[in-house]
Structure formats: C-alpha cells, structure tokens
Amino acid sequence: MPSRFADLKREIRDSIPSFEVKVTDAWTRLLAQLKESTAEIAREDSSIIPQVKFSDLEKLSESEIQNIKRRGSLVIKDVVDDADAAAWKTVLGEFAKANPDVKGVPADDPQFFMLYWTKPQVEARAHPNVLAASAWLNKLYHLKDGAEVEGVDLETPLTYADRYRIRRPGIAWDVHPPHVDGGTIERWEDPNFRACFADILNGRFEKHDPYDLQGRLDSRSSLYGRPNQASIFRTFQGWLAMSETAPGEGTLKVFPDVLLSNAYLILRPFFRPKANVSQDDLLSPESWQFDVDDSGFPGIFPRDGGFAGPRPTPELHPHLQLDKTMISVPKVYPGDMVFWHCDVIHSVEQEHKGKGDSAVMYIPAVPSTPQNLGYVQRQKEAFLQGLPPPDFPKTGPEGQFIGSGKEDHIVGPAGRKAMGFMV
Ligand SMILES: [Fe+2]
C-alpha cells in the first residue's frame with residue numbers, strides 16, 4: 001500500500017484521545033471474545049445460521065431478531081413459490097441459448113452472466129414478497145435516537161439490479177474467496193464511512209452497532225470509482241434461489257458474527273505480530289503490538305486504479321480461524337432467499353459436488369435514502385436504454401436480446417416505485 005496510508009493510520013490515532021491505550025486494551029478483550037465465538041461457530045456449523053419462514057417474519061421474538069442481527073446472515077424460506085422460482089431458472093437457461101452473444105464467466109462456457117435486465121430478473125425484483133423481505137431487513141437498521149432524516153424511508157425498498165448465476169456441478173470456482181463488499185480502504189479513509197466504526201476505533205467495540213444507519217447514509221464506499229464497486233448502500237446483500245442447493249453444492253459461506261468480525265477487521269491494521277513469534281503463540285494477545293508505521297491494511301490491496309478487499313485470509317487474520325468458521329448456508333429450495341449484512345465476510349464454495357445446477361439471482365435489500373434514490377434514477381435510465389447499470393462493467397447493450405425485460409414486466413406499485421418509475 002502507498003506510504004500515505006501510514007499517515008492515515010496516524011491521523012486516526014491523533015484524532016482519538018489515548019487511542020493506543022484504548023485500542024490495545026480492546027484488542028486483548030476482542031481476541032478473548034473471538035476465541036469463544038469462533039469455537040462456537042465451528043461447533044454449530046450450518047445450524048448457527050438462522051432460518052425463518054417468510055410468513056413468520058412479523059411474528060419473530062425479540063431474541064430471534066437479536067440472534068439474526070448478531071449472526072448477520074439468514075435464510076428466508078418460501079419468499080416466492082417454488083414453481084415460479086424454478087420457472088425463472090428455466091427461462092434464464094433458455095435465454096443464454098437464444099442469445100449466444102451473452103457475456104459471462106467463464107467466457108467460453110458462461111455460468112455467471114453479465115446480464116441485468118432479463119425478464120425473470122425484472123419480474124423477481126418487483127415481486128411483492130421479495131420487496132417485503134427487503135423492507136423487513138431494511139427495518140433492522142435504525143437511526144440512533146429514532147431521529148428522522150429527510151429522504152430516508154426504511155419502509156420503501158429500492159431495486160438494485162445485479163446479475164445471476166447458474167453454476168453447474170463439478171466445476172471449481174476460485175473467484176470468490178472470503179471477502180467483504182461495499183467499500184474497501186474507504187472504511188478507514190472516508191471519514192463518513194469511518195464514523196460507522198467509531199465505537200470500535202474508540203476501544204468500545206462491544207457497543208458497536210452494525211445496524212446504526214446514521215454513518216451509512218453519507219458513507220462514500222467507492223472513492224476510486226472502481227467497476228463492480230457498489231456506490232449505493234445495501235443493508236443486506238442477498239440472493240434468490242432458483243434451485244435446490246445444499247452445503248457442498250457451490251453455495252454461499254459466511255462468517256456468522258458480524259459484531260466481532262467488524263471489530264477485528266477495523267482494528268487489525270493497527271497491530272502486527274511481534275518478531276519471532278512461534279505459530280503456537282500467534283493467537284495470544286501478548287504476541288501482538290500496536291503499530292502505525294506500516295502502511296499496510298491487511299486484506300486490502302491496490303487494483304484497477306483503486307483498492308480491493310477487505311479479503312481476510314487465515315495468514316493475515318489468524319484470529320478469525322477462517323478455515324473452521326466460514327460456514328455454508330443451510331440447504332435452500334427454489335424461492336428461498338439468503339441475505340447477509342453488508343459488512344459480513346462471505347465467500348462462495350469452491351466445489352460443487354451436487355448433481356444439479358446451483359442457480360441464484362442476486363437481489364439485495366436496499367432502503368430509500370437520498371444517495372440510493374439518486375442511483376435508482378440513473379439505473380432506470382440504463383434499464384430504459386438496455387444498458388448495464390451504472391455500478392457495473394460496461395459490457396455492452398443487452399436490451400436487444402431475445403427475452404429481455406421491459407418496463408411493463410414490472411408489475412405492481414411497489415415494484416415500480418422500487419425502480420424509480422413513481423416518485
Ligand atoms: Fe461479495
């Protein structure tokens with residue numbers, strides 16, 4: 001990392017009284033809590049990830065909601081009828097055959113499609129239950145003292161057009177190792193984004209609230225304008241299953257403790273292992289020391305004129321115990337949705353040992369905020385022109401493809417509003 005990032009560390013240190021003492025003390029407490037939490041995660045495996053029925057969302061107890069918030073990930077079952085979701089997969093399978101020019105990864109046999117506006121995608125995003133699930137997730141967030149902010153409406157979800165995948169069995173994927181989306185070095189570099197983690201940087205990580213909306217509203221998650229870097233704020237990333245997919249069949253993996261992973265990722269750049277520490281002693285707090293001279297932010301690296309990551313690894317982030325704590329989400333059926341908080345460390349299973357395709361449409365939860373409303377208007381223009389949405393690589397027009405979605409495929413007022421057609 002360029003040397004100016006050591007200056008950034010010192011700037012953060014100098015902005016917080018007694019920073020070194022506070023965070024060093026917090027680091028010790030954090031490592032003790034991580035030891036317990038990672039052991040629990042490894043023990044519980046997929047059962048640690050909450051599963052709820054769509055029809056039960058409004059009936060959950062306070063403790064169930066608190067558990068969902070701490071884990072940061074959940075499966076919502078039966079959001080869409082199985083038959084409808086499976087039918088979308090069939091149509092998407094035919095789309096690529098009818099339009100051999102579609103782009104995707106791998107290029108010679110696409111399974112992850114650079115397509116945003118097929119009819120099933122346009123329909124799924126406007127489905128009333130998909131939007132209701134999104135609103136429910138958005139409302140897990142709050143403004144600290146119940147304050148109201150102009151232009152913020154957690155009841156009104158917005159659409160964020162993303163892609164889909166139809167992953168076939170037996171083919172290894174290495175493209176999605178553990179990572180966090182929605183901003184890289186910006187978490188530290190942008191003062192607004194950094195404010196989301198103020199309690200962590202003040203040495204009070206126990207008080208950190210990943211669901212506090214205030215700082216998120218004007219966080220700049222894409223200071224360098226790198227393609228594929230979301231410029232909007234998603235409360236949760238998500239996908240809609242169009243096939244049965246069990247652990248081991250190319251599904252999503254998550255680190256299911258968003259409070260502690262946030263605390264650890266944010267504080268990690270301020271500590272380094274002492275010299276000559278043995279592998280056996282590496283996890284002990286005594287083996288680490290405060291350091292603001294090194295410009296490195298472990299897991300963040302330069303790419304495409306900006307930065308990528310956070311991409312935690314077992315070597316750089318040993319206390320996360322990632323080889324035991326990246327947990328596959330429980331088995332899903334067509335019409336189930338999986339969501340993970342925007343800060344959650346996640347990855348995609350490298351192997352797909354199942355028999356059928358693992359197919360999902362990426363559909364996140366997006367609240368109405370001034371920044372998001374602005375994006376949705378630009379996104380709508382892209383849709384009307386059949387072009388990729390503004391945050392994504394310029395892969396060329398798709399509106400001319402056979403089976404492309406049109407405005408009248410957005411059925412219902414909630415769906416139209418989410419796409420910015422009714423303001
Ligand atoms: Fe991701």
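Which residues lie on one side of S2 and which on the other, and are they buried or exposed?

## Strand S2

Ser 73, Val 75 and Lys 77 on one side of S2, and Leu 74 and Ile 76 on the other, are all buried (under 20% relative accessible area with a 1.4 Å probe, protein chains only). S2 spans residues 73-77; strands are DSSP runs of E with at least two residues, helices runs of H or I with at least four, numbered from the N terminus.

The model is predicted: local features need pLDDT of at least 70 and side-chain atom pairs 80 or more, while totals for chains, interfaces and linings use all residues. Residues are numbered from 1 along each chain as its sequence is written, and side-chain values use heavy atoms, without hydrogens and water.

## Neighbours of S2

S1 (residues 51-53) runs parallel to S2, joined by three bridges; strands pair if DSSP finds at least two bridges between them. Gln 51 has Val 75 as its bridge partner in S2. From S1 the chain passes through helix H3 (residues 62-71) to S2 in a β-α-β crossover.

S14 (residues 337-341) pairs with S2 in the antiparallel sense over four bridges. There, Met 337 stands opposite Ile 76.

## The second largest cavity

Residues lining the second largest cavity include Arg 125, Tyr 160 and Pro 364; a cavity is a set of points on a 1 Å grid over the protein atoms alone where a 1.4 Å probe fits but cannot get out, and lining residues have an atom within 4 Å of a point. Helix H6 (residues 128-138) gives the largest share of this lining, three residues.

Note on methods. Buried means under 20% relative accessible area, exposed over 50%, partly exposed in between (1.4 Å probe, protein chains only). A crossover is right-handed if, with the strands pointing away from the viewer, the path from the first strand over the helix to the second runs clockwise. On a 1 Å grid over the protein atoms alone, a cavity is a set of points where a 1.4 Å probe fits but cannot get out, and a pocket is an open set with protein on both sides within 12 Å along at least five of seven lines; lining residues have an atom within 4 Å of a point.
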